[in-house]
Amino acid sequence: MKESIKGVLLCLAIALPSYLLVKLIPALSIIGAPIIAILAGMVVTLIFTRKEKDMASFKPGISFTSKKILQTAVVLLGFGLNLRTIGEVGATSIPIIISTIATSLIVAFVMCKALNMKKNSAVLIGVGSSICGGSAIAATAPVIGADDEEIAQSISVIFMFNVIAALIFPTLGGILGMSDMGFGLFAGTAVNDTSSVTAAASTWDTMYNTGGTVLEYATIVKLTRTLAIIPITLVLALYQMKKQKGDMNFSFKRAFPMFIVYFLVASVITTIATGILMGGALTAADSFFALMKELSKFFIVMAMGAIGLNTDIVKLVKSGGKPILLGFICWVCITIVSIIMQHTLGLM
(Lines give C-alpha, C1' and ligand atoms only; values in the text may rest on other atoms or scores of the structure.)
Protein backbone atom coordinates (compact mmCIF):
# COMPACT_ATOMS: atom_id res chain seq x y z
CA MET A 1 0.00 0.00 0.00
CA LYS A 2 2.81 2.41 0.96
CA GLU A 3 4.60 1.64 -2.31
CA SER A 4 1.45 2.46 -4.29
CA ILE A 5 1.08 5.75 -2.44
CA LYS A 6 4.74 6.64 -3.14
CA GLY A 7 4.27 6.12 -6.87
CA VAL A 8 1.01 8.09 -6.99
CA LEU A 9 2.61 10.96 -5.04
CA LEU A 10 5.53 11.02 -7.50
CA CYS A 11 3.07 11.29 -10.40
CA LEU A 12 1.22 14.02 -8.50
CA ALA A 13 4.53 15.87 -7.97
CA ILE A 14 5.10 15.84 -11.73
CA ALA A 15 1.50 16.67 -12.68
CA LEU A 16 0.91 19.62 -10.38
CA PRO A 17 3.68 21.93 -11.70
CA SER A 18 2.94 20.81 -15.30
CA TYR A 19 -0.74 21.70 -14.87
CA LEU A 20 -0.07 25.01 -13.09
CA LEU A 21 2.61 26.05 -15.58
CA VAL A 22 0.07 26.03 -18.42
CA LYS A 23 -2.43 27.94 -16.25
CA LEU A 24 0.15 30.59 -15.38
CA ILE A 25 1.61 30.89 -18.87
CA PRO A 26 -1.32 30.65 -21.36
CA ALA A 27 1.09 30.58 -24.33
CA LEU A 28 2.10 27.07 -23.20
CA SER A 29 -1.45 25.82 -23.85
CA ILE A 30 -0.37 25.10 -27.42
CA ILE A 31 1.96 22.48 -25.94
CA GLY A 32 -0.38 21.31 -23.20
CA ALA A 33 0.19 20.07 -19.66
CA PRO A 34 0.06 16.35 -20.66
CA ILE A 35 3.08 16.73 -22.95
CA ILE A 36 5.00 18.67 -20.29
CA ALA A 37 4.20 15.90 -17.78
CA ILE A 38 5.32 13.14 -20.17
CA LEU A 39 8.62 14.93 -20.82
CA ALA A 40 9.15 15.56 -17.09
CA GLY A 41 8.48 11.88 -16.34
CA MET A 42 10.95 10.80 -19.01
CA VAL A 43 13.63 13.11 -17.58
CA VAL A 44 13.10 11.73 -14.05
CA THR A 45 13.40 8.18 -15.38
CA LEU A 46 16.52 9.10 -17.36
CA ILE A 47 18.15 10.52 -14.20
CA PHE A 48 17.35 7.42 -12.15
CA THR A 49 18.08 4.85 -14.88
CA ARG A 50 21.17 3.66 -13.03
CA LYS A 51 19.31 3.50 -9.74
CA GLU A 52 16.73 0.88 -10.62
CA LYS A 53 16.37 -0.19 -6.98
CA ASP A 54 15.42 3.38 -5.99
CA MET A 55 12.67 3.48 -8.63
CA ALA A 56 11.34 -0.04 -7.94
CA SER A 57 9.38 1.05 -4.87
CA PHE A 58 7.51 3.62 -6.97
CA LYS A 59 6.44 1.16 -9.69
CA PRO A 60 3.10 -0.05 -8.18
CA GLY A 61 1.79 3.51 -7.79
CA ILE A 62 3.07 4.53 -11.23
CA SER A 63 1.29 1.54 -12.76
CA PHE A 64 -1.93 2.38 -10.86
CA THR A 65 -1.79 5.97 -12.10
CA SER A 66 -1.11 5.08 -15.74
CA LYS A 67 -4.03 2.64 -15.79
CA LYS A 68 -6.74 3.27 -13.19
CA ILE A 69 -6.40 7.03 -12.88
CA LEU A 70 -6.24 7.27 -16.68
CA GLN A 71 -9.53 5.36 -16.97
CA THR A 72 -11.08 7.56 -14.26
CA ALA A 73 -10.05 10.62 -16.28
CA VAL A 74 -11.93 9.27 -19.30
CA VAL A 75 -15.07 8.69 -17.19
CA LEU A 76 -14.96 12.24 -15.79
CA LEU A 77 -14.50 13.57 -19.32
CA GLY A 78 -18.13 12.54 -19.91
CA PHE A 79 -19.31 15.31 -17.56
CA GLY A 80 -18.10 17.80 -20.15
CA LEU A 81 -20.39 16.44 -22.84
CA ASN A 82 -23.93 17.79 -23.14
CA LEU A 83 -25.48 15.50 -25.74
CA ARG A 84 -28.35 17.91 -26.40
CA THR A 85 -26.03 20.80 -27.31
CA ILE A 86 -23.95 18.53 -29.48
CA GLY A 87 -27.08 17.25 -31.22
CA GLU A 88 -28.40 20.75 -31.90
CA VAL A 89 -25.21 22.50 -33.01
CA GLY A 90 -22.78 19.76 -33.96
CA ALA A 91 -25.05 17.77 -36.27
CA THR A 92 -23.87 19.59 -39.42
CA SER A 93 -20.32 18.43 -38.73
CA ILE A 94 -21.17 14.71 -38.52
CA PRO A 95 -20.59 13.85 -42.23
CA ILE A 96 -17.17 15.51 -42.08
CA ILE A 97 -16.31 13.87 -38.75
CA ILE A 98 -17.23 10.42 -40.09
CA SER A 99 -15.18 11.03 -43.25
CA THR A 100 -12.07 12.21 -41.38
CA ILE A 101 -12.24 9.38 -38.83
CA ALA A 102 -12.66 6.77 -41.56
CA THR A 103 -9.78 8.31 -43.54
CA SER A 104 -7.42 8.28 -40.57
CA LEU A 105 -8.23 4.71 -39.55
CA ILE A 106 -7.87 3.41 -43.10
CA VAL A 107 -4.57 5.26 -43.56
CA ALA A 108 -3.31 3.89 -40.22
CA PHE A 109 -4.27 0.33 -41.19
CA VAL A 110 -2.62 0.54 -44.63
CA MET A 111 0.54 2.29 -43.41
CA CYS A 112 0.88 -0.12 -40.49
CA LYS A 113 1.22 -2.93 -43.03
CA ALA A 114 3.39 -0.90 -45.42
CA LEU A 115 5.80 0.32 -42.73
CA ASN A 116 5.75 -2.94 -40.74
CA MET A 117 4.86 -0.99 -37.59
CA LYS A 118 3.65 -2.20 -34.21
CA LYS A 119 -0.12 -2.59 -34.49
CA ASN A 120 -0.89 -0.85 -31.18
CA SER A 121 1.14 2.25 -32.11
CA ALA A 122 -0.63 2.49 -35.47
CA VAL A 123 -4.08 2.14 -33.85
CA LEU A 124 -3.31 4.81 -31.24
CA ILE A 125 -1.96 7.26 -33.82
CA GLY A 126 -4.92 6.61 -36.15
CA VAL A 127 -7.48 7.05 -33.37
CA GLY A 128 -5.66 9.99 -31.78
CA SER A 129 -5.36 11.80 -35.11
CA SER A 130 -8.99 11.32 -36.05
CA ILE A 131 -10.90 11.80 -32.78
CA CYS A 132 -9.43 13.90 -30.01
CA GLY A 133 -5.75 13.38 -29.48
CA GLY A 134 -4.75 12.50 -25.93
CA SER A 135 -8.28 11.73 -24.69
CA ALA A 136 -8.89 9.21 -27.48
CA ILE A 137 -5.50 7.60 -26.89
CA ALA A 138 -6.25 7.47 -23.15
CA ALA A 139 -9.55 5.69 -23.83
CA THR A 140 -8.20 3.31 -26.48
CA ALA A 141 -4.92 2.25 -24.87
CA PRO A 142 -6.41 0.08 -22.07
CA VAL A 143 -8.78 -1.59 -24.53
CA ILE A 144 -6.03 -2.78 -26.90
CA GLY A 145 -3.49 -3.44 -24.15
CA ALA A 146 -0.99 -0.80 -25.33
CA ASP A 147 2.12 -0.37 -23.17
CA ASP A 148 3.35 2.94 -21.81
CA GLU A 149 6.02 3.44 -24.46
CA GLU A 150 3.45 3.00 -27.24
CA ILE A 151 1.17 5.52 -25.50
CA ALA A 152 4.00 8.03 -24.98
CA GLN A 153 5.13 7.71 -28.59
CA SER A 154 1.60 8.19 -29.94
CA ILE A 155 0.93 11.20 -27.71
CA SER A 156 4.24 12.76 -28.78
CA VAL A 157 3.47 12.30 -32.49
CA ILE A 158 -0.02 13.77 -32.09
CA PHE A 159 1.43 16.70 -30.14
CA MET A 160 3.87 17.54 -32.93
CA PHE A 161 1.16 17.94 -35.57
CA ASN A 162 -1.18 19.67 -33.07
CA VAL A 163 1.32 22.49 -32.73
CA ILE A 164 1.84 22.77 -36.48
CA ALA A 165 -1.93 22.85 -37.09
CA ALA A 166 -2.55 25.50 -34.44
CA LEU A 167 0.14 27.70 -35.99
CA ILE A 168 -0.68 27.38 -39.70
CA PHE A 169 -4.40 26.59 -39.95
CA PRO A 170 -5.70 30.16 -39.33
CA THR A 171 -3.52 31.40 -42.21
CA LEU A 172 -4.55 28.44 -44.38
CA GLY A 173 -8.23 29.13 -43.65
CA GLY A 174 -7.76 32.76 -44.69
CA ILE A 175 -6.05 31.75 -47.93
CA LEU A 176 -8.94 29.38 -48.71
CA GLY A 177 -11.45 32.17 -48.04
CA MET A 178 -13.28 30.33 -45.25
CA SER A 179 -16.14 31.99 -43.41
CA ASP A 180 -16.05 32.25 -39.61
CA MET A 181 -18.27 29.20 -39.18
CA GLY A 182 -16.38 27.43 -41.96
CA PHE A 183 -13.11 27.83 -40.10
CA GLY A 184 -14.72 26.75 -36.83
CA LEU A 185 -15.85 23.58 -38.57
CA PHE A 186 -12.40 23.10 -40.13
CA ALA A 187 -10.58 23.57 -36.80
CA GLY A 188 -13.02 21.28 -35.00
CA THR A 189 -12.66 18.44 -37.52
CA ALA A 190 -9.04 18.70 -38.69
CA VAL A 191 -7.19 19.58 -35.46
CA ASN A 192 -7.12 16.61 -33.12
CA ASP A 193 -6.51 17.92 -29.58
CA THR A 194 -8.81 20.27 -27.66
CA SER A 195 -6.00 22.64 -26.61
CA SER A 196 -4.87 23.05 -30.23
CA VAL A 197 -8.45 23.45 -31.50
CA THR A 198 -8.84 26.21 -28.91
CA ALA A 199 -5.55 27.82 -29.93
CA ALA A 200 -6.39 27.79 -33.67
CA ALA A 201 -9.96 29.06 -33.17
CA SER A 202 -8.84 31.78 -30.73
CA THR A 203 -6.22 32.96 -33.22
CA TRP A 204 -8.92 33.25 -35.90
CA ASP A 205 -11.18 35.16 -33.50
CA THR A 206 -8.34 37.59 -32.81
CA MET A 207 -7.35 37.96 -36.48
CA TYR A 208 -10.89 38.70 -37.64
CA ASN A 209 -12.39 40.18 -34.43
CA THR A 210 -15.30 37.73 -34.29
CA GLY A 211 -16.01 38.06 -30.58
CA GLY A 212 -15.30 34.42 -29.73
CA THR A 213 -18.00 32.87 -31.92
CA VAL A 214 -15.52 30.71 -33.84
CA LEU A 215 -14.01 29.34 -30.63
CA GLU A 216 -17.45 28.41 -29.31
CA TYR A 217 -18.49 26.67 -32.52
CA ALA A 218 -15.15 24.86 -32.98
CA THR A 219 -15.37 23.58 -29.39
CA ILE A 220 -18.84 22.11 -29.96
CA VAL A 221 -17.66 20.42 -33.18
CA LYS A 222 -14.70 19.05 -31.24
CA LEU A 223 -16.98 17.70 -28.50
CA THR A 224 -19.08 16.02 -31.18
CA ARG A 225 -15.93 14.28 -32.42
CA THR A 226 -15.17 13.18 -28.86
CA LEU A 227 -18.34 11.04 -28.86
CA ALA A 228 -16.68 8.85 -31.48
CA ILE A 229 -14.59 7.45 -28.62
CA ILE A 230 -17.58 5.29 -27.67
CA PRO A 231 -18.17 3.29 -30.91
CA ILE A 232 -14.44 3.09 -31.73
CA THR A 233 -13.42 1.68 -28.36
CA LEU A 234 -16.37 -0.72 -28.25
CA VAL A 235 -15.50 -2.09 -31.72
CA LEU A 236 -11.87 -2.50 -30.67
CA ALA A 237 -13.00 -4.22 -27.46
CA LEU A 238 -15.16 -6.67 -29.40
CA TYR A 239 -12.21 -7.39 -31.70
CA GLN A 240 -9.95 -8.00 -28.70
CA MET A 241 -12.55 -10.27 -27.09
CA LYS A 242 -12.87 -12.29 -30.29
CA LYS A 243 -9.09 -12.76 -30.36
CA GLN A 244 -8.91 -13.75 -26.70
CA LYS A 245 -11.85 -16.16 -26.51
CA GLY A 246 -9.59 -19.12 -27.07
CA ASP A 247 -7.44 -18.04 -24.14
CA MET A 248 -8.09 -20.06 -20.96
CA ASN A 249 -7.55 -16.89 -18.89
CA PHE A 250 -10.13 -14.91 -20.90
CA SER A 251 -12.55 -12.85 -18.82
CA PHE A 252 -15.40 -10.85 -20.39
CA LYS A 253 -15.41 -8.44 -17.45
CA ARG A 254 -11.68 -7.81 -17.81
CA ALA A 255 -11.81 -7.45 -21.60
CA PHE A 256 -14.88 -5.20 -21.85
CA PRO A 257 -14.09 -1.50 -21.27
CA MET A 258 -16.64 -0.66 -18.55
CA PHE A 259 -15.07 2.75 -18.07
CA ILE A 260 -16.42 3.71 -21.53
CA VAL A 261 -19.92 2.79 -20.34
CA TYR A 262 -19.39 5.01 -17.28
CA PHE A 263 -18.16 7.78 -19.62
CA LEU A 264 -21.47 7.54 -21.52
CA VAL A 265 -23.46 7.48 -18.26
CA ALA A 266 -21.66 10.66 -17.12
CA SER A 267 -22.55 12.44 -20.36
CA VAL A 268 -26.20 11.32 -20.06
CA ILE A 269 -26.33 12.62 -16.46
CA THR A 270 -24.94 15.97 -17.66
CA THR A 271 -27.49 16.16 -20.47
CA ILE A 272 -30.48 15.34 -18.26
CA ALA A 273 -29.41 17.58 -15.37
CA THR A 274 -28.80 20.64 -17.57
CA GLY A 275 -32.12 20.00 -19.31
CA ILE A 276 -34.40 19.76 -16.26
CA LEU A 277 -32.72 21.92 -13.60
CA MET A 278 -33.25 25.66 -13.29
CA GLY A 279 -32.01 28.61 -11.27
CA GLY A 280 -29.61 27.91 -8.41
CA ALA A 281 -29.80 24.15 -8.91
CA LEU A 282 -28.65 24.53 -12.54
CA THR A 283 -25.82 26.86 -11.49
CA ALA A 284 -24.68 24.32 -8.88
CA ALA A 285 -24.87 21.47 -11.40
CA ASP A 286 -22.90 23.45 -13.99
CA SER A 287 -20.23 24.19 -11.36
CA PHE A 288 -20.02 20.51 -10.44
CA PHE A 289 -19.72 19.40 -14.09
CA ALA A 290 -17.06 22.05 -14.73
CA LEU A 291 -15.13 20.77 -11.70
CA MET A 292 -15.36 17.16 -12.92
CA LYS A 293 -14.18 18.20 -16.38
CA GLU A 294 -11.20 20.06 -14.89
CA LEU A 295 -10.43 17.08 -12.64
CA SER A 296 -10.48 14.88 -15.73
CA LYS A 297 -7.86 17.10 -17.36
CA PHE A 298 -5.68 16.95 -14.25
CA PHE A 299 -5.96 13.15 -14.00
CA ILE A 300 -4.87 12.88 -17.64
CA VAL A 301 -1.81 15.01 -16.78
CA MET A 302 -1.08 12.69 -13.83
CA ALA A 303 -1.43 9.62 -16.04
CA MET A 304 0.84 11.13 -18.70
CA GLY A 305 3.44 11.79 -15.99
CA ALA A 306 3.22 8.11 -15.03
CA ILE A 307 3.57 7.06 -18.66
CA GLY A 308 6.63 9.30 -18.98
CA LEU A 309 8.13 7.62 -15.90
CA ASN A 310 7.69 4.23 -17.60
CA THR A 311 9.24 5.38 -20.89
CA ASP A 312 12.84 5.16 -22.08
CA ILE A 313 13.34 8.48 -23.89
CA VAL A 314 16.44 7.24 -25.76
CA LYS A 315 14.58 4.21 -27.10
CA LEU A 316 11.58 6.40 -27.95
CA VAL A 317 13.68 8.77 -30.07
CA LYS A 318 15.47 5.92 -31.86
CA SER A 319 12.21 4.21 -32.83
CA GLY A 320 10.25 7.38 -33.67
CA GLY A 321 10.71 7.58 -37.45
CA LYS A 322 7.85 5.35 -38.57
CA PRO A 323 5.28 6.71 -36.07
CA ILE A 324 6.11 10.30 -37.09
CA LEU A 325 5.69 9.41 -40.77
CA LEU A 326 2.33 7.74 -40.03
CA GLY A 327 1.20 10.71 -37.96
CA PHE A 328 2.16 13.11 -40.75
CA ILE A 329 0.28 11.13 -43.42
CA CYS A 330 -2.83 10.84 -41.19
CA TRP A 331 -2.70 14.57 -40.44
CA VAL A 332 -2.35 15.60 -44.10
CA CYS A 333 -5.11 13.22 -45.24
CA ILE A 334 -7.52 14.41 -42.52
CA THR A 335 -6.84 18.04 -43.45
CA ILE A 336 -7.46 17.41 -47.16
CA VAL A 337 -10.62 15.35 -46.57
CA SER A 338 -12.04 17.97 -44.17
CA ILE A 339 -11.53 20.74 -46.74
CA ILE A 340 -12.95 18.65 -49.61
CA MET A 341 -16.04 17.66 -47.58
CA GLN A 342 -16.68 21.25 -46.47
CA HIS A 343 -16.39 22.45 -50.06
CA THR A 344 -18.67 19.65 -51.32
CA LEU A 345 -21.31 20.38 -48.67
CA GLY A 346 -21.07 24.15 -49.18
CA LEU A 347 -19.95 24.78 -45.59
CA MET A 348 -16.78 26.78 -46.21
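Buried means under 20% relative accessible area, exposed means over 50%, and partly exposed is in between, with a 1.4 Å probe and protein chains only. I start there because valine 268, at a relative accessible area of 33%, is partly exposed.

**Ground rules.** I am working with a predicted model, where local features need pLDDT of at least 70, side-chain atom pairs count only at pLDDT 80 or more, and totals for chains, interfaces and linings use all residues. Residues are numbered from 1 along each chain as its sequence is written, and side-chain values use heavy atoms, with hydrogens and water left out.

**Valine 268.** I placed this residue in helix 15 (residues 258-276); helices here are DSSP runs of H or I with at least four residues, strands are runs of E with at least two, and both are numbered from the N terminus. I also looked up its C-alpha separation from glycine 346, 78 residues apart along the chain, and found 32 Å.

**Helix 11.** For the 15 residues of helix 11 (residues 194-208) that gives 21 Å, and the end C-alpha atoms are 21 Å apart, so the two agree. I then listed its buried residues: Ser196, Val197, Ala199, Ala200, Ala201, Trp204 and Asp205. They pack against helix 9 (148-175), helix 10 (180-190) and helix 12 (213-226), where contact means heavy atoms within 4.5 Å.

**Two asparagines.** Asparagine 209 sits in the loop between helix 11 and helix 12. Its phi is positive, about 50°, although it is not a glycine. It is exposed, with a relative accessible area of 69%. Asparagine 116, in the loop between helix 6 and helix 7, has a positive phi near 55° and is exposed at 64% relative accessibility.

**Helix 7.** Helix 7 (residues 119-130) has 12 residues and reaches 17 Å from first C-alpha to last, close to the 16 Å expected. I noted that 10 of the 12 residues are buried, so the helix is largely enclosed by the rest of the structure. Among them are Asn120, Leu124, Ile125 and Val127.

**Serine 93.** Which residues does serine 93 touch? I found Leu185, Val221 and Thr224, not counting residues up to four places away in sequence. Serine 93 is in the loop between helix 5 (83-89) and helix 6 (94-115), and it is buried at 0% relative accessibility.

**Largest pocket.** On a 1 Å grid over the protein atoms alone, a pocket is an open set of points where a 1.4 Å probe fits, with protein on both sides within 12 Å along at least five of seven lines, and lining residues have an atom within 4 Å of a point. About 900 Å³ of space lies in the largest one. Of its 35 lining residues, Pro34, Asp193, Thr194, Ser195 and Lys297 are the closest to the centre. Helix 16 gives the most to the lining, with seven residues. Helix 1 (2-24) and helix 2 (33-47) are among those that each supply at least two.

**Cysteines.** I searched the whole structure for disulfides, pairs of cysteine sulfur atoms within 2.5 Å, and the count is zero. For cysteine 333, the nearest cysteine sulfur, that of cysteine 330, is 7.0 Å away. Cysteine 333 counts as partly exposed at 24% relative accessibility, whereas cysteine 11 is buried at 0%.

Methods
The expected span of a helix is 1.5 Å times one less than its number of residues. Grid points are joined across faces, edges and corners, and a volume is the space filled by probe spheres set on the points.
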